[in-house]
Amino acid sequence: MAQPKPQTVFAPWTDPDAKPLIRFRNVTKRFGDFTAIDDLTLDIYEKEFFALLGPSGCGKTTMMRMLAGFESITEGTIELAGQDIAPVPPNKRAVNMMFQSYALFPHLSVWDNIAFGLRREGMEKDRMNTRVEEMLRLTRLERFAKRKPHQISGGQRQRVALARSLAKAPKLLLLDEPLGALDAKLRQDTQFELMDIQEKTGTTFVIVTHDQEEAMTVASRVAVMDEGRLMQVDTPAEIYEQPATTYVADFIGDVNLMKGNADPKEGFVLLDWAPNQPQIKAETSKNFAAGQELHYAIRPEKIAITAEKPAEAPNALQGKVLDIAYLGNISTYHVELPGGQIVKAQTANTRRLANRGFTWEDEVWLSWTATAGVLLES
Amino acid sequence: MRRFALIAIPYAWLLALFLVPFLIVLKISLSDITLAIPPYEPTLDLSAGWEGLKTFFSGLDFENFTFLTTDDLYWKAYLSSLRIGAISTLITLCVGYPIAYGMAQSAPEWRPTLLMLVILPFWTSFLIRVYSWMGILSTEGVLNQFLLWTGLISEPLTILNTPTAVYIGIVYTYLPFMILPIYSALEKLDISLLEAAEDLGCSRLKAFWLVTIPLSRPGIIAGCFLVFIPAIGEFVIPSLLGGSRTLMIGKVLWEEFFNNRDWPVASAVAIILLLILIVPIILFQRNEQKQREAEG
């Protein structure tokens, strides 16, 4: 299949002249004594697919509800297209929300659910019909237009909810755990569908999720949140490869964290991390003080596992296979070092299981390059 | 077999306590009045065998039903009952809906207490409660004394022995039957539906009208029937609070039975009343059925 030439990279956040669609400025939200959002500043740009990711209770849903207008702002301002939205009631905002429970009106048909917002606008009949038909086509629901919500499946309901919230062509669409109720397979398909629809409509999407895989798949940028604060806002690749803190490194994907003291050299750092273990060599552009306590984060799939000591590997450790987690496509090896530390290494199962090179209790070598991991300040 | 036994219980109940009494009343309504015990004839004499059965059936006729059409008292009483039933149902709805709504909106820990308060009047005898309304509404009653004391009125109001008193009595008595089904419908209402409606451009009031009202409709319908059906046949409230000016079929029935001792005509009145009530009862059943289907 012929591919069109690569488009210019979509990254308005790197452009200092770009006007953000949404600006959170020092926003704080308190519920009584509890601070749900703590002095948060964030810009979201037009046409972004922005994911708010975090464990439950981190404030991500509160942020979304503040955008929709269901929660007031305790301190700070939120601007939408340059306007402070605090005084605008939810029914007057150019923002629509797709609810976690879908919140479809059970007494209305699929068609009427989608037309609900258009009717409130007082849209004339012909235009409304065209718009609803368009939404039905977009979400592939034409055949179910006359059904009531309880007569269709969960995946179809999810699509009705999406169609209903997109029908008014909002500037901003909020999605609250939109795929939470779907099973794994359907969720994956729907993720791609969502991205497709986002691209087709050009609407700015803000999605709330606790599923990091989902956030990584769909989003142009991900904000990792914890306890009402932003831990890191970046593209999925940056967040995965260059986590800013140990919290982010640990929250996204699987990681080995090694704590040690820095021994800075020219262009790289040697880390004393365990007695009787070789220092870890990590290239870095950052400056660290000698003896500074650091965390070294390395993803399991960046670690190679071999029977013989590899020649010329900047980092190589010997250990014994303690456990093997077989996931079909990949296997994760838990390797115990002589000091008792456990390092996880991952390999793709390119060969069949019977031909697997290592088994429990095998002596193996773990090795990785100097650029494979990142150094994080404690 | 077990399933059959389980179904048999309610059917036996219906047969013994509804169908059999109904057939007895139907039979009396087709009989003629006479000075005897019981005060009607013919009575079934099974010892006479086949002949007895034949004379029994030949003695039955529709005379009493024809009689009901000759005196305009009866159809006026039916119409007046329907009107009073309909108006008081409407008032009960207007009073009951806000109460049920308030209960459903209240904090969850308050709800059992509020429910208790709605049911509390049932702990006192119905008759005593109606009598106490006489004490409240009479010319020298609590209400008039209070209003005179506040200076709102200079003459005591005549409420007792008017249709107003009957409306007050019916609304008061049947209010819990309106509140409970509406409350149970509103309690199930998902708040996010109202948020979704607001999100899609409704004001609060519009969201109430387009979401809350339609979704509580089954409760409204159930409540209305639960008030309307017994209100039509109501006898105690009009006779104690309504005085001689309020015409209701329940009262007419009582007078035929006990004052005139005309059991056959009274039975005919009862049969017609039942036929009138069957229509709303069937509609009510249909509503319940539809509701179950929608939930299932």
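Which strand does strand β11 of chain A pair with, in which sense, and over how many bridges? I'll start there and then go through the rest. Please keep in mind that this is a predicted model.

The partner is strand β12. In chain A, β11 covers residues 256-264 and β12 covers residues 268-272, and they pair in the antiparallel sense over four bridges. One bridge you can look up joins A:Asp263 to its partner A:Leu270 in β12(A). As background, strands of a sheet pair through backbone hydrogen bonds, either parallel or antiparallel.

These two strands belong to an open sheet of five strands in chain A, with the order β13-β12-β11-β14-β20 and antiparallel pairing. At the edges stand β13, residues 280-283, and β20, residues 374-377; each has a single partner strand, so one side of each is left without a neighbour in the sheet. Neighbouring strands here are turned by 45° against each other on average, if direction is ignored.

Chain A has another open sheet, this one of six strands. Its order is β6-β7-β8-β3-β9-β10, and the pairing is mixed. The edge strands are β6 and β10, the latter at residues 229-234, and each of them pairs on one side only. From one strand to the next, the twist averages 20°. For a parallel pair in chain A, take β3, residues 49-53, and β9, residues 221-226, which are joined over four bridges. There, A:Phe50 stands opposite A:Arg221 in β9(A).

Now chain A as a whole. It contains eight helices and 20 strands. Its C-alpha atoms fill a box of roughly 75 × 50 × 45 Å along the principal axes. The chain has 378 residues, of which 38% count as buried. If we take contacts between residues at least 6 apart in sequence, 65% of them join residues at least 24 apart.

Next, the helix α2 of chain A. Its buried residues include A:Val110, A:Trp111, A:Ile114 and A:Phe116. After α2(A) comes A:Gly122, which has a positive phi, near 75°.

The helix α2(A) comes up again where the chains meet. How many residues of chain A are in contact with chain B? There are 16, and they contact 14 residues of chain B. On the chain A side, β6 (95-98) and α2 (110-121) each supply at least two residues. The most comes from α2(A), with four residues. By class, this side of chain A has eight nonpolar, five polar and three charged residues.

Leaving aside residues up to four places away in sequence, A:Thr190 touches A:Gly155, A:Gln158, A:Leu179 and A:Leu182. A:Thr41, by contrast, is 149 residues from A:Thr190 in sequence and 31 Å from it in space, C-alpha to C-alpha.

Last, chain B, where I have two helix pairs to show, and α10(B) is in both.

In the first, the axes of α9, residues 191-199, and α10, residues 204-232, come within 9 Å and cross at roughly 125°. That angle makes α9(B) oblique to α10(B). The crossing of α9(B) and α10(B) is right-handed. On the α9(B) side the residues are B:Leu193, B:Leu194, B:Ala197 and B:Glu198, and they meet residues of α10(B) including B:Arg204, B:Ala207 and B:Leu210. The residues of this contact divide into six nonpolar, one polar and two charged.

In the second, α4 of chain B, residues 72-105, packs with α10(B) at an angle of about 140°, with the axes 9 Å apart. Here too, α4(B) passes α10(B) in a right-handed crossing. Among the residues that meet are B:Gly85, B:Ala86 and B:Ser88 in α4(B), and B:Gly223, B:Cys224 and B:Val227 in α10(B). This contact of α4(B) with α10(B) has nine nonpolar, seven polar and no charged residues.

That is the end of my tour.

Technical notes:
Residues are numbered from 1 along each chain as its sequence is written. Chains are lettered from A and ligands numbered from 1 in the order in which they are written. This is a predicted model: local features need pLDDT of at least 70, side-chain atom pairs count only at pLDDT 80 or more; totals for chains, interfaces and linings use all residues. Two residues are in contact if their C-beta atoms, placed from the backbone, lie within 7 Å. Axes are lines fitted to C-alpha atoms, for helices over the stretch in contact, and angles run from 0 to 180 degrees between N-to-C directions. Angles under 35 degrees count as roughly parallel, over 145 as roughly antiparallel, 65 to 115 as roughly perpendicular and the rest as oblique. A crossing is left-handed if the near helix is turned anticlockwise from the far one by less than a right angle, and right-handed if clockwise. Ala, Val, Leu, Ile, Met, Phe, Trp, Tyr, Cys and Pro count as nonpolar, Asp, Glu, Lys and Arg as charged, and the others, Gly among them, as polar. Two strands pair if DSSP finds at least two bridges between them. A residue is buried if 20 or more other C-beta atoms lie within 10 Å of its own, exposed if 12 or fewer, and partly exposed in between; C-beta atoms are placed from the backbone.
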